[in-house]
Amino acid sequence: MATDRSTSQWRNFAVWSAAGALFYVLAVWGVFSLVSDDSVSAMFRSKEVAALVGLGLLFSMACVGFSSRKRPVSLRTLRNFLIRDGAAVVVCLLVMWGLGTVAGAGTLGASEWVAAVTGAVLLFFAILGILVTASAHTGADLIDDPMAGNDLRERGRLIIFSFVWMAACGLLLILLGRAGPGGVLSPVAALAGALVLIAVLVALGIAVWRLNDELDRTLSHEAGNLAFYLVLALGGGWAMLAQLGFAAAPAPLDWLTLFTVLMFVASFVAVGRRRLLAR
């Protein structure tokens, strides 16, 4: 029995690694096509770039293979993988294209770039989360775990609100990163847009809090406490080093990005401590 189980897992590892390699190749081709006018073969003229692409391919195969080694291989699971990861690649390329288009319209400093990239990452995961949650309410049957699918259907409104809240956070960072000196937005327009997004965040926060159960509210309190100490340690340490002349002082946008990132990190840690990420 143990030998059969091990053989099955290695077979699953090989199949899912091949699937991961396919999607990595498609993602690299799509990104290169968006950022360069040359053919894809031009990317391999540099040995350093070719080596990085090769290492990325191996890393992608290993990640997908090991993370999916216990997932059975069937037409249904392969179909779900192709659809979900295909949607992920498309959304990623659209976000990168939009970010590159916006960035090309003005001059971005380090703080603006970090804020824009952070916002794009949040927007990317929010869109994927909304698509997966929406698929649970249709007949697409794109979720392999029946328990996870039932949970998404039962708590669909709460999860959708949460992902929209995440998307609003990402849009707020992108908006503020493109305002001010060298940006494409005037301060007045950026302020108006920021106020609208903040109003959306407040409204969604109230709606999510009302839909939360006792466990959700406990996790929210734990994440808030952890985020406070992370901000105190990292933000306070950065400010102390800047005051002593060992580092550049954080810009206002740096603080906003730091608050946003640490808030999501604290939420992830709070959920992981209760072993809910494996559900």
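1. Trp165, Cys169, Leu172, Leu173, Leu176, Leu201, Leu256, Phe259, Thr260 and Met263 line the second largest pocket. A pocket here is an open set of points on a 1 Å grid over the protein atoms alone, where a 1.4 Å probe fits, with protein on both sides within 12 Å along at least five of seven lines; lining residues have an atom within 4 Å of a point.

2. A word on the source: this is a predicted model, with local features needing pLDDT of at least 70 and side-chain atom pairs pLDDT 80 or more, while totals for chains, interfaces and linings use all residues. Residues are numbered from 1 along each chain as its sequence is written, and side-chain values use heavy atoms, without hydrogens and water.

3. Back to the pocket: helix 6 (156–177) gives the largest share of the lining, five residues, and helix 9 (252–273) also supplies at least two. Helices are DSSP runs (H or I, at least four residues), numbered from the N terminus. The lining has nine nonpolar residues, one polar and no charged.

4. Leu258 also sits in helix 9. Leu258 is buried because its relative accessible area is 16%, the cut-off being under 20% (1.4 Å probe, protein chains only). Its C-alpha atom is 9.8 Å from that of Thr118, 140 residues apart along the chain.

5. For contrast, do look at Leu195 in helix 7 (residues 187–211). Leu195 counts as exposed because its relative accessibility is 52%, and exposed means over 50%.

Conventions: Nonpolar A, V, L, I, M, F, W, Y, C, P; charged D, E, K, R; others polar.
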